[in-house]
Amino acid sequence: MLKVEEEHYDEAEEMSSTLTKPWMGESVKAELLQKKGLPEQAAVHETKAIELTKGMQRYLLVKKYKSF
């Protein structure tokens, strides 16, 4: 996420596929797509990230992505 915030999009995209937790990769992809102005595609990855989590992490992602 830090790479996305620092606008190092290529590095963030490369790193997203190497993360150990699948939900983390989906979350990074969602952020990248949001920054690129593709909210519909980002929503797909947001939903996937939520589906791949449980407990507190799921709660936090739901609050982040679904609370507008």
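Start with threonine 53, which sits in the loop between H4 and H5; helices here are DSSP runs of H or I with at least four residues, strands are E runs of at least two, and both are numbered from the N terminus. Before you zoom in, note that this is a predicted model, where local features need pLDDT of at least 70, side-chain atom pairs count only at pLDDT 80 or more, and totals for chains, interfaces and linings use all residues. Residues are numbered from 1 along each chain as its sequence is written, and side-chain values use heavy atoms, with hydrogens and water left out.

**Stop 1: the loop threonine**

Is threonine 53 buried or exposed? Its relative accessible area is 6%, so threonine 53 is buried (buried is under 20% relative accessible area, exposed over 50%, partly exposed in between, with a 1.4 Å probe and protein chains only). Show its side chain and you'll find it reaching the backbone oxygen of isoleucine 50 at 2.9 Å. Leaving out residues up to four places away in sequence, threonine 53 touches Trp23, Arg58 and Leu61 (contact means heavy atoms within 4.5 Å).

**Stop 2: tryptophan 23 and the core**

Now select tryptophan 23. Setting aside neighbours within four places in sequence, its contacts are Ala49, Leu52, Thr53, Gln57 and Leu61. Trp23 also belongs to the largest nonpolar core, six residues in total, along with Ala30, Ala49, Ile50, Leu61 and Tyr65. Such a core is a set of buried Ala, Val, Leu, Ile, Met, Phe, Trp, Tyr and Cys residues joined through side-chain atoms within 4.5 Å. H3, H4 and H5 are the elements that give two or more residues to this core.

**Stop 3: along helix H3**

Select residues 22-35, which make up helix H3. After H3 comes glycine 37, with a positive phi near 80°.

**Stop 4: the salt bridges**

How many salt bridges does a search of the whole structure find? There are four, each being a side-chain nitrogen of Lys or Arg within 4 Å of a carboxyl oxygen of Asp or Glu. Here are some to pick out:

- Lysine 3 pairs with glutamate 11, the closest N and O atoms being 3.0 Å apart. Lysine 3 is partly exposed at 27%, and glutamate 11 is partly exposed at 37%.
- Lysine 35 pairs with glutamate 5 at 3.9 Å between the closest N and O atoms. This pair links distant parts of the chain, with lysine 35 in helix H3 and glutamate 5 in helix H1, 30 residues apart.
- Lysine 36 meets glutamate 13 at 3.7 Å, N to O. Lysine 36 is in the loop between H3 and H4 and glutamate 13 in helix H2, 23 residues apart.

**Last stop: colour by confidence**

Switch to pLDDT colouring (the predictor's confidence in each residue, from 0 to 100). The mean for the protein is 90, and 99% of its residues reach 70 or more. Among the elements, H1 has the lowest mean pLDDT (83) and H4 the highest (95).

Note on methods: Expected span 1.5 Å × (residues − 1). Polar contact = N/O pair within 3.5 Å; in protein donor to acceptor, adjacent residues only side chain to side chain.
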